[in-house]
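Please look over the sequence and the structure shown here before reading on.

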Amino acid sequence: MRMDPRLSSPRYPLLVLLCGVCGLCGTRSPVAAAGRSCADTRQVYAEKGYSTSTAPQTQISGEHLRLCPQDYTCCSSQMEETLALQSERDFLKAVEENSQFLLTTFTQRHRRFDEFFRELIDLSEKSMNQMFTKTYGRLFTQNAHVFQELFVELRRYYSGGSVSLSEVLSDFWSRLVERVFSLVNPQYQFSEDYLECVSKHAEQLQPFGDVPRRLRVQVSRAFIAARALSQGLATGRDIVNKATKLTADSECVRGLMRQSYCPLCRGVPALRPCHALCLNVMKGCLANQGDLDTEWNNFIDALYQVSEKLEGPFNMELAADSISVKVSEAIMHMQENSVSISTKVFQGCGSPRPAPGRSKRSPKESGGSRRPFRTYSPEEKPTTAAGTNLDRLVTELKERLRPMRGFWVSLPHTICNDDKMAADVTNEDRCWNGQTRGRYLPDVTGDGLVSQINNPEVEVDIARPDVRTRQLIMELRVGTNKLRHAQTGQDMDFMDSEEGSGSGGGDEAERYNDDWPGYGPHSPPYNKPARPPSSSPAKPPRVRERNGSKWNKNNHGRVKSSGSRLCFCLLPLLSLPFVVAGAPMWR
């Protein structure tokens, strides 16, 4: 090609010079870029514990890169692969660290509550043994196995055993009525069949008054709530463990690498990813965890509400503490009403045989060597266990539950708010946008799997929900349902067999002044329709007076004194001829 003669003339020397300079610049600019030092990149790479043997000294062409932009780079193929794995480890570590609060709370709170509830049961049994041994002496120690079996079953229920509290308490009262009936009628000899007849008709006789029902309601509600809370805390611990033991798929790793270490490959390791870029990557990688949000919040709310119930009307301390008191109250009621109860038993089950060598008891024989029954003051009963008390435990738990709501959808924000993970949200123009230094323009996506359909950083297949996440959602729903039923005194494991009463504790409307502080008078009768006022006066309802000093009985309105209690067995013996004349009604 011939040069234009005008360019060689003296009139254009400056133009020729400029063209030469421009041509030189055009051929040297790639060389200049390729010669840029990678010292900063090599230093950071070495600080992470990797060998720099494959790290370029100066930038090289990036055509070999698979994840980062294919510009001039300080990373070899091996370095890019190594840093991609490092970005995944950094991500998993960030998830673990930011969820540690949840895991620690559930683990520690479960241990504290479990220790507390178990020690409460132990203290309740110990208190009963001490007080009953002191008061009843050999009468108690000879029949101690009846009470021991009660606490064995209560522990088994709390520990998650397939135990119906209603049946446990019913069996206890049945065994107890047999023992007490024999003790208040020592002048007779009762066969096993006869005592079985007595216990079989205990509900009709109501030998212990209204105490069994009140104890059933109080113990059932408290134990159901305590077990539900303990199991709920264990469920929360397990859910967090499973949800945070995740693996990043290839698309997530691509996003993590482009966000975290592509600036390092570009030779600007101090450049942090833009905040919005970080959010899109994290929301894509944590899309399935975001789907836990609704059921997680319901679960946390249910835990919170059950803990409040334990602090108030379903107080486990009061329930465990009241067992010995109410049992003593029941025994005293049966003793005070032993004449009328025995008469009805003799009419229904038949006349028992007199005990060998005894025809009848004198007042001295019946009570002279026996200590009187009595109830106990609160000062004699335990109020704390495991070095703490229920109010303190519940308060601490509620303080930790509040910030747990919305955890999974806020996790991307929590991670990206760490200045080690992303630039400050106010630094929008001086951050890594995935390609270079500058503003990140795409919008931040929503939460959960479906919202990632337009995620610009992580390609997520929204048509394939994660199976493990669906399982966790179901576990949360089951746990929430158990907790919600426990709030009404119902145990889901026994709802069908207990006709919806939830281990005998589902009478939601029942409230007792002496059981639940701050609640109004109780109303509904238990399991049977109320008798109309015109019913036969032979079996009026027995209701304990508030002051605990009198009992309403069908004995002409009289209240037995301590003296009359000592000779309570004379009337059954004197009326024996009349009883024998009639056939047994129940046998």
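**A walk through the helices**

What covers the buried residues of helix 13 includes helix 3, helix 11, helix 14 (287–290) and helix 20 (407–416). Here helices (H or I, at least four residues) and strands (E, at least two) are DSSP runs, numbered from the N terminus, while buried means under 20% relative accessible area, with exposed over 50% and partly exposed in between (1.4 Å probe, protein chains only). Helix 13, which spans residues 275–285, is mostly covered, since 11 of its 11 residues are buried; among them are His275, Asn280 and Lys283, along with Leu277, Val281 and Cys285.

The model is a predicted one, in which local features need pLDDT of at least 70 and side-chain atom pairs count only at pLDDT 80 or more, whereas totals for chains, interfaces and linings use all residues. Residues are numbered from 1 along each chain as its sequence is written, and side-chain values use heavy atoms, with hydrogens and water left out.

Taken as a whole, the chain holds 24 helices and two strands, and of its 587 residues 48% count as buried. Among contacts (heavy atoms within 4.5 Å) between residues at least 6 apart in sequence, 79% join residues at least 24 apart.

Two of the helices that cover helix 13, helix 3 and helix 11, also meet each other: the axes of helix 3 (residues 77–98) and helix 11 (residues 250–260) come within 8 Å and cross at roughly 100°. Axes are lines fitted to C-alpha atoms, for helices over the stretch in contact, and angles run from 0 to 180 degrees between N-to-C directions. Helix 3 is therefore roughly perpendicular to helix 11, on a scale where angles under 35 degrees count as roughly parallel, over 145 as roughly antiparallel, 65 to 115 as roughly perpendicular and the rest as oblique. Helix 3 brings Glu80, Leu83, Ala84, Ser87, Glu88 and Phe91 to this contact, and helix 11 brings Cys252, Val253, Leu256 and Met257. These residues divide into seven nonpolar, one polar and two charged, where Ala, Val, Leu, Ile, Met, Phe, Trp, Tyr, Cys and Pro count as nonpolar, Asp, Glu, Lys and Arg as charged, and the others, Gly among them, as polar.

Within helix 11 lies Val253, which counts as buried because its relative accessibility is 14%. Leaving aside neighbours within four places in sequence, Val253 is in contact with Ala84, Ser87, Glu88 and Ala248. The C-alpha atoms of Val253 and Val458 are separated by 8.7 Å, although the two residues are 205 apart along the chain.

Elsewhere, helix 7 (residues 165–184) and helix 16 (residues 316–336) pack at an angle of about 45°, with their axes 11 Å apart, and are therefore oblique to each other. Their contact is made by residues including Phe172, Trp173 and Phe181 of helix 7 and Lys326, Ile331 and Met334 of helix 16, and its residues divide into 10 nonpolar, no polar and one charged.

A further pair, helix 15 (residues 293–311) and helix 19 (residues 390–401), packs at an angle of about 160°, with the axes 10 Å apart, which means that helix 15 is roughly antiparallel to helix 19. Among the residues that make this contact are Ile300, Tyr304 and Glu308 of helix 15 and Leu390, Val394 and Lys398 of helix 19. By class, the contact has eight nonpolar, two polar and four charged residues.
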